[in-house]
Structure formats: structure tokens, C-alpha cells
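The sequence and coordinates follow.

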Amino acid sequence: MAKAQQLKPAFFARSVHRVAPELIGATLLVDGVGGVIAEVEAYHHTDPAAHSFGGQTERNAVMFGPPGFAYVYRSYGIHWCLNFVCEPEGSASAVLIRAIEPTEGLAVMRRRRGLKEERLLCSGPGRLAQALGVTHAKHNAKRLDRAPFQILARESKPELVAGPRIGISKAIELPWRYGIKGSHYLSKPFPI
DNA sequence: TATGAGATCAACT
DNA sequence: GTTGATCTCATAC
């Protein structure tokens with residue numbers, strides 16, 4: 001744990017399509033609780049499925065800000081979802097963190113989720129946010145290289161798979177979902 | 001195993 | 001009034 005490099009804002013200030021696959025295998029911790037990122041999705045402002053498509057609103061304002069910040073939004077009225085803002089300021093692109101493999105703070109996550117099934121702790125954006133204690137009030141528009149966030153660069157490159165994104169109705173054909181091949185912690189298996 | 005509804009709120013038409 | 005980057009539980013096969 002001590003050797004790993006903390007990811008800097010410069011890491012995020014590049015194309016989401018470079019950042020997203022490189023985040024797979026990195027370690028995400030919030031207040032020391034979290035694990036290895038197993039699944040993400042890329043969203044770009046030219047993408048009809050992105051919140052930032054069609055201009056800035058109060059909700060997505062942080063997506064239009066500088067990279068290396070957290071964008072937390074409410075999904076279906078009840079869940080929180082965690083995104084990392086990418087690309088130079090104004091590009092309004094982000095990576096949605098969809099699943100992690102829990103490694104740190106298992107007991108805390110189980111308590112917050114009310115589950116003992118480890119595989120289900122963080123396999124989905126809403127579950128992940130709940131397990132890590134991420135909320136709009138506490139984490140939206142916060143820097144990713146400052147407490148309580150810790151994002152550690154991966155030390156080896158996992159085998160990647162890509163595929164269509166999940167839960168959207170526009171631009172469903174874009175293969176901008178990335179994951180660790182064969183991981184048991186994916187929110188849904190990737191089509192072969 | 002598979003499908004369906006409910007929860008619950010902000011943006012959008 | 002409808003929809004959405006979702007999850008859980010109930011009911012049906």
C-alpha cells in the first residue's frame with residue numbers, strides 16, 4: 001500500500017477514453033474504505049447519454065469544471081453515483097465508477113450496506129457509493145487527490161474488456177464500458 | 001432463474 | 001407529467 005503512487009489531477013486531464021481504461025485496476029479509497037476499481041464507464045459531452053450533453057445545469061456544473069474532481073449525482077431519486085471529472089476544464093467529460101473489488105474496510109462496508117455478501121458490496125454504482133459512504137453533500141465537487149479520497153495507481157495492468165454501457169437509452173451502441181476481464185465483482189458480466 | 005413493481009427526486013418536455 | 005448512468009424485494013415459472 002505504501003509504494004503506490006497517488007493519482008494527480010494531470011492524470012485526469014486527458015481524454016476520458018484514455019483515463020477510463022487506465023483507472024481499471026487502480027485502488028479507490030474513501031476515508032480508507034474501498035478497493036480495486038473493477039468497472040467504469042466513460043461519458044463525454046458529445047455523447048447523448050451524458051449528463052453534460054446539452055449544456056450546463058445546476059446538477060452537472062462540476063462536470064464543466066477542472067479535472068480531478070468528484071461529480072456525485074442522484075440516480076433514480078434514491079442512489080448516489082460517483083464520477084471522476086476528466087479532460088481539460090470545460091470539456092465536461094467524466095468517468096462513472098461502476099464497481100470495485102472491496103479490499104479495505106470490509107466491516108465498515110458491510111455495516112453500511114447491511115449485507116454480508118462481499119460480492120454485492122460494491123458491484124454497481126449505487127451500491128458502491130453507499131458502501132464507501134459517498135454522498136452529494138460530502139463529496140460532490142471535492143478534489144480527488146485530497147482527503148477523504150485516495151486513488152492509487154495500479155502496479156500491474158489487468159486484462160481489460162470493453163463493451164456497451166448499462167442502463168441508458170441513448171448511444172447504447174458506444175462500447176465505453178471497461179472492466180477487469182473475468183472479475184467476479186462486475187455489476188453485470190460483459191458480453192463475449 | 002426471470003420478470004416486474006416500488007422507492008423517490010431533479011431535470012426536462 | 002415523464003424519465004432516468006439503479007437496486008431490492010416479491011411473485012411467477
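Glu-22 and Arg-18 form a salt bridge, with 3.9 Å between the closest N and O atoms; the term denotes a side-chain nitrogen of Lys or Arg within 4 Å of a carboxyl oxygen of Asp or Glu. Both residues belong to helix H2 (residues 16-23), where they are four residues apart, about one turn of the helix. Helices (H or I, at least four residues) and strands (E, at least two) are DSSP runs, numbered from the N terminus. An α-helix has 3.6 residues a turn, so residues three or four places apart point the same way.

Glu-22 counts as partly exposed because its relative accessibility is 26%, and Arg-18 is likewise partly exposed, at 48%. Here buried means under 20% relative accessible area, exposed over 50%, and partly exposed in between (1.4 Å probe, protein chains only).

## Basis of the model

The model is predicted: local features need pLDDT of at least 70 and side-chain atom pairs count only at pLDDT 80 or more, while totals for chains, interfaces and linings use all residues. Residues are numbered from 1 along each chain as its sequence is written, chains are lettered from A and ligands numbered from 1 in the order in which they are written, and side-chain values use heavy atoms, with hydrogens and water left out.

## Other salt bridges

The whole structure contains nine salt bridges. One of them joins Glu-39 to Arg-177, with the closest N and O atoms 2.6 Å apart. This pair links distant parts of the chain, since Glu-39 lies in strand S2 (residues 33-43) and Arg-177 in strand S8 (residues 177-180), 138 residues apart. Glu-39 is buried, with a relative accessible area of 0%, and Arg-177 is buried at 1%.

Arg-143 and Asp-145 also meet through their side chains in a salt bridge, at 2.7 Å from N to O. Arg-143 is partly exposed at 32% relative accessibility, whereas Asp-145 is buried at 12%. Elsewhere, salt bridges with shared partners connect Glu-39, Glu-41, Arg-98 and Arg-177 in one network.

Helix H4 (residues 125-132) is largely enclosed by the rest of the structure, because six of its eight residues are buried. The buried residues are Pro-125, Gly-126, Leu-128, Ala-129, Ala-131 and Leu-132. Their cover includes strand S1 (27-30), S2, strand S4 (79-86), strand S5 (93-104) and helix H3 (106-113), with contact defined as heavy atoms within 4.5 Å.

Asn-140 occupies the loop between helix H5 (136-139) and strand S6 (149-152). Asn-140 is buried, with a relative accessible area of 14%. Leaving aside residues up to four places away in sequence, Asn-140 touches Val-62, Ala-70, Tyr-71, Val-72 and Thr-135.

## Surroundings of DNA strand B

Around DNA strand B are Thr-57, Arg-59, Arg-74, Tyr-76, Gly-77 and Ile-78; a residue is near a molecule or strand if one of its heavy atoms lies within 4 Å of it. By class, this surface has two nonpolar, two polar and two charged residues. Ala, Val, Leu, Ile, Met, Phe, Trp, Tyr, Cys and Pro count as nonpolar, Asp, Glu, Lys and Arg as charged, and the others, Gly among them, as polar.

A backbone N or O atom of Tyr-76 lies 2.9 Å from a base oxygen of DNA strand B.

Conventions. Polar contact = N/O pair within 3.5 Å; in protein donor to acceptor, adjacent residues only side chain to side chain.
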